[in-house]
There are 4 protein chains.
Amino acid sequence: MVRAAVMTQPLQPLEVREYPDPEPAAGEVVLETLCSEVCGTDVHLYHGRLAGVPYPIIPGHVSVGRVMETAGEVLDVDGRPVERDQIVTFLDVHETCGHCWYCLVAQETTKCPHRKVYGITYPADEGLLGGWSEQILLKAGVKIVPLPEGVEVVDYIGGGCGLSTGFHAVERADIRLGDTVVVQGSGPVGLSATAFARLSGADQVIVVGAPENRLALAEAFEADHTLDINRVSPDERLEFVLGVTAGRGADVVIEVSGNPQAVVEGPDLARDGGTYVIAGQYTDAGSITINPHLQINKKHLNIRGCWGTAFTHVYRGLRLMARYRDRFRWRDLVSHTFLLEEADEALASVEKLEATKALVVPGTWRL
Amino acid sequence: MVRAAVMTQPLQPLEVREYPDPEPAAGEVVLETLCSEVCGTDVHLYHGRLAGVPYPIIPGHVSVGRVMETAGEVLDVDGRPVERDQIVTFLDVHETCGHCWYCLVAQETTKCPHRKVYGITYPADEGLLGGWSEQILLKAGVKIVPLPEGVEVVDYIGGGCGLSTGFHAVERADIRLGDTVVVQGSGPVGLSATAFARLSGADQVIVVGAPENRLALAEAFEADHTLDINRVSPDERLEFVLGVTAGRGADVVIEVSGNPQAVVEGPDLARDGGTYVIAGQYTDAGSITINPHLQINKKHLNIRGCWGTAFTHVYRGLRLMARYRDRFRWRDLVSHTFLLEEADEALASVEKLEATKALVVPGTWRL
Amino acid sequence: MVRAAVMTQPLQPLEVREYPDPEPAAGEVVLETLCSEVCGTDVHLYHGRLAGVPYPIIPGHVSVGRVMETAGEVLDVDGRPVERDQIVTFLDVHETCGHCWYCLVAQETTKCPHRKVYGITYPADEGLLGGWSEQILLKAGVKIVPLPEGVEVVDYIGGGCGLSTGFHAVERADIRLGDTVVVQGSGPVGLSATAFARLSGADQVIVVGAPENRLALAEAFEADHTLDINRVSPDERLEFVLGVTAGRGADVVIEVSGNPQAVVEGPDLARDGGTYVIAGQYTDAGSITINPHLQINKKHLNIRGCWGTAFTHVYRGLRLMARYRDRFRWRDLVSHTFLLEEADEALASVEKLEATKALVVPGTWRL
Amino acid sequence: MVRAAVMTQPLQPLEVREYPDPEPAAGEVVLETLCSEVCGTDVHLYHGRLAGVPYPIIPGHVSVGRVMETAGEVLDVDGRPVERDQIVTFLDVHETCGHCWYCLVAQETTKCPHRKVYGITYPADEGLLGGWSEQILLKAGVKIVPLPEGVEVVDYIGGGCGLSTGFHAVERADIRLGDTVVVQGSGPVGLSATAFARLSGADQVIVVGAPENRLALAEAFEADHTLDINRVSPDERLEFVLGVTAGRGADVVIEVSGNPQAVVEGPDLARDGGTYVIAGQYTDAGSITINPHLQINKKHLNIRGCWGTAFTHVYRGLRLMARYRDRFRWRDLVSHTFLLEEADEALASVEKLEATKALVVPGTWRL
């Protein structure tokens, strides 16, 4: 039997349940879970803030595991056979259909309505399709990515889903060499966005966030300046950004905070003709009041919503993580680990911002 | 002496004043004004809604005139000498400096802080620098554009500043061949945007506006569908747009209405991953409430503020007007003409939407 | 039994062979072929100019058919069930894999190495997988497109594969409103490119090609000027293009001629900073000599190779064909029809440029 | 009197001539020259390879000087007054007109036909308008850039015109995070391109060039791999690039070699759908033979010529030089200095590739 932490419905304590050993069909793979991320999205799931979630579910969308079994030859994303005992991750979002209007005509694959997500959109009774479980069943077609040489489990999971989300946000920002970039948010997504903004050739990078320990990490991720929202008022933040940009504002502002009020502040931090990426508003946390004349039209502002991630973001993000693993220490984001039985504590720790990044560790793997 | 209608301060009746005949310095040109547009911006000027306007001013930013005198050889934008009796227009926005950070580093020339605008930013005591005057002084360096063959005075002024503003809005929209486009607004800017959206290869073009006579013009400008905001509710408008786009929403929505509430509605009319151009919020008409999760982030929406126009918009817009003058009859927008003494009536007529486009005719030229 | 024209090997007369009636597996569809295009590519196939073709093959990549049988419910590209007796076409290029590096990381789906093409990459002994046959078997997953209302068989096949190829070439060109466009080539691809360049908002469109009857069609497809390569020398062509562009050259040049020498001439016809799309060099017809200083570097030229088509091009091209079927009469391209037994004559007719577009008509359908 | 090295005509020894002290008109500035670059373009000037050069000229387009005198208040590019004794550089290319079709309609300012270039397009009898002179006269409107804090004279001149040229080439390349980039050429432009490719988020950077000491510099500029064209054959280079890209080729190839044969090789080094920037073909060094089917069309290749530089490249390049002056040591490129009397030796040294970068030092400044 396989043990898994199950979110039976919103706002209820999670239960550890037992499931039969998975029996992989052709093309499927069974992983022994090494660790799985506890992400802000999991907190949203706990509060029932996402629509259409088929509770009970096994949470855990980004995970690392060891290959236990493959049903027939299964290829990884580079076309090499997946082998027993390999350490791999996989793309949590899969079944981008490749056949619908969004995939083919609009070519906006992150809006494909047929996408499925491990740990979010599968009911627990369909199988071990979430990472907070001793084993994970990878369906045929799930994109399997062996960790590159030199990237350890803790490096990868330290990046976790923030790595690809931050990557996508930075890609949407079209940073030019020499730009000044403001990142609103210092959680895992914000830290990855900080690193990728720096790697994109930004001159100045300014991170607006909290608490202090995350801002210290932001500096380690090569932010030039950090502004603690608990100590620096919105007016002072604006003044600071104008002060380091000759009064113009930042070329690019990237919102990855999750707080709707950040979207009120963001346009003012950007220069005329600048770019504002909104990537942190993953659930409906309420409406905001903005001035379309002053904040968009007269500013000639570019605003870009940014939803989900595609394989290209994971793939290239991971390459750069491998190259720069000594320069950007994603592993340092991992602050807490929890057993399956401690899933509620894990969620609480992330919600209270105690943990920068918490892991669920279902088996014998240890940090 | 030269007679001109002068806006002495906001909310006061305009006065017809007399000025000495202009004495052009080297490189300057004097025009006999044939006609000058009454634009929504003039209504804003009357209400004092634009910051930094040096009242008293001579309004009138887009005008057509006959060359009376040139001080030395003056070249038009194609490098040919400007000649006496030629019928010309000129770029109202000038002195884009070409030397500042916005011109050179950001390459966003419509945000150059040194721009000056005929009819808006010049005090009347600096000279005949607005079109509601029997004569206009063109400073050295003002870009002079002879009307192309086949384009009559009434064609050009029928387009007026809506031609270049609508052109710029459509250029910002990056319409793809086969797109469905919604235009919010059926004033002169909206009608030009409708024409240029059609010329950009849109499949369906839907215009949301009022009153009826403008919607009839929108159909003449090749809108497929028009929705009268006085008769069709916001819910019905959304339903209509979803109905003609297989439930997805429009690929592109272009706001040229001037009404902040249009900006609340616009994102919902766009499909996921679509583009929303906000080009009509030229003055501060108040704030709005939007939901950043549902309307921007989850939609993966592209929002583009659009400020001002550059010479390229005027130049190319005019070429297409010349080519398609029989297909898109911009001259049909001209509904009213007023003498200098009737400037107040002209403003009232535009404000009440009686006039689609009103002209001030200072001299002997007649429609 | 089903009769089909088979190209057994290069340079051999085609044979009409008989095959057993197809037995569709789940998700497959059988079409009664109404007509199938004879394309320049088929001439290349006959001469053995494409690598890796598994002769013997049944040629015919773009075809229209009537649905005879579906094995279970099969959906068209808009998600509606395909029904018996429906008139449909289908995307000849299929099995873009959606899983490889080109599909996912580079997001360049026309370079997916797993693509298969009806009428080109399938051996005849794998089944009725080409259009020069009384019936066609559509494999599961092949994208089926019902002809839109108002588009008749002859309209669609008149566009044929030139419709999507010309569409893709124009999309690569990023035509701006008001641009001058030169199209090198007046075959089916050139004529579609002419129409789509016009629909993209070009001001002037100039077609360089031959023979006369095709240039007459180019004018019907709204070319402003046509230059007959048999009568107008390269120097005169350059002089002409410079003459209508104030000495600068065209903003955009699109090569769809198939002649390598066109690529020598093309850069000179473009203005500095212009765009040159090379879309007609589908087989290796030899090398050319160019001057990289004068023709690329100093010109600050953008050159864009353009390979294959994706579903978005077919889908949007077809929408615009439906909208503008009275304005651009693609049906007028169809000049010749041939029976299965006349496949060799069909190829000869296309090769000699006698036919603008020839069809193979395997059954009872007639023009 | 002021001494200057004068190139009287092609292929003649330079002469040191004396000129009267400059008398600056309003808005002009006189610099005491500290040093001036000897660039590959100067070698081309010596051989008479550029059209329209008004010999005799004072060469030297990129220079650093100390302000001796300003005629009235003169502002630098950030709007601050230029002050006596300040150490400044200036944009060699000036008089981009801001009024012509290329500036305004095409918005391709590097192709403005009115541009003038210090050290290249001014005859010596018009004044001290080149850097190989004890003093330089900066005309009104020339963009003056004070060296940023921390950037010493030798840092800036070590970058020289290669800094902005390499920057422009990299900007044209649109490098994506994680790309593999090949730089063809290891001269000053190639080394700057290497640095800026790295700063743009490239994963692998490969430099193809010679001689050995330049390749060592390329590694110091963070190339991962260098291929010595004197030791590694074209076939081996292709094999190497394919080997490190899973057989696909580089995402981006940037030509900054000056050798036309590089343009024959470049497309093959790029992957399908990749980008090839041609920025090194500054003079006509002859024609080349390429295969448009295999090297452009079938590859779906993007080729971008890259001519000249604009102020944005200098400005942002200099900001990044200041930030990364310890990481990328442009000063290390300076290998030789020459007096005015040694101008011929300077040219010979650059032509023979002995010098990575040579300076002319007209006065008392020393390295």
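These exercises walk through a predicted model, each with a worked solution.

Residues are numbered from 1 along each chain as its sequence is written, while chains are lettered from A and ligands numbered from 1 in the order in which they are written. Since the model is predicted, local features need pLDDT of at least 70, side-chain atom pairs count only at pLDDT 80 or more, and totals for chains, interfaces and linings use all residues.

**Exercise 1. Find the confidence values of chain A and of the model.**

Step 1. Start with pLDDT, the predictor's confidence in each residue, from 0 to 100. Chain A has a mean pLDDT of 95, and 100% of its residues reach 70 or more.

Step 2. Then take the scores of the model: ipTM is 0.95 and pTM is 0.96.

**Exercise 2. Describe how helices α3 and α4 of chain A meet.**

Step 1. Locate the helices. Helices (H or I, at least four residues) and strands (E, at least two) are DSSP runs, numbered from the N terminus. In chain A, α3 covers residues 153–173 and α4 covers residues 188–199.

Step 2. Compare their axes, which are lines fitted to C-alpha atoms, for helices over the stretch in contact, with angles running from 0 to 180 degrees between N-to-C directions. The two axes come within 7 Å and cross at roughly 50 degrees.

Step 3. Name the angle. Under 35 degrees counts as roughly parallel, over 145 as roughly antiparallel, 65 to 115 as roughly perpendicular and the rest as oblique. α3(A) and α4(A) are therefore oblique to each other.

Step 4. List some contacts, where two residues are in contact if their C-beta atoms, placed from the backbone, lie within 7 Å. Among them are A:G159, A:L163 and A:F167 of α3(A), and A:P188, A:L191 and A:F196 of α4(A).

Step 5. Sort the contact by class. Ala, Val, Leu, Ile, Met, Phe, Trp, Tyr, Cys and Pro count as nonpolar, Asp, Glu, Lys and Arg as charged, and the others, Gly among them, as polar. The contact of α3(A) with α4(A) has ten nonpolar, six polar and no charged residues.

**Exercise 3. Work out which parts of chain B touch chain A.**

Step 1. Count the residues: 35 from chain B and 35 from chain A take part in the contact.

Step 2. Find the elements. At least two residues each come from α7 (260–269), β14 (270–278), β15 (288–290), α8 (292–297) and β16 (302–305) of chain B. The largest share, five residues, belongs to α8(B).

Step 3. Sort this side of chain B by class: it holds 16 nonpolar, twelve polar and seven charged residues.

Step 4. Look at the strands that join the chains. Two strands pair if DSSP finds at least two bridges between them. Strand β16 (residues 302–305) of chain A and β16(B) run antiparallel and share three bridges, and A:I303 stands opposite B:I303.

**Exercise 4. Trace the sheet that runs through chains C and D.**

Step 1. Follow the order. Twelve strands form an open sheet with mixed pairing, β12(C)-β11(C)-β10(C)-β13(C)-β14(C)-β16(C)-β16(D)-β14(D)-β13(D)-β10(D)-β11(D)-β12(D).

Step 2. Find the edges. β12 (225–228) of chain C and β12 (225–228) of chain D each have a single partner strand, so one side of each is left without a neighbour in the sheet.

Step 3. Note the twist, which averages 15 degrees from one strand to the next.

Step 4. Zoom in on one pair. Strand β11 (residues 205–209) of chain D and β12(D) are parallel and linked by four bridges; D:G209 has D:D228 as its bridge partner.

Step 5. See what lies across the strands.

Step 6. Finish with a second link between the chains. β15(C) and strand β15 (residues 288–290) of chain D run antiparallel, joined by three bridges, and C:I290 has D:I288 as its bridge partner.
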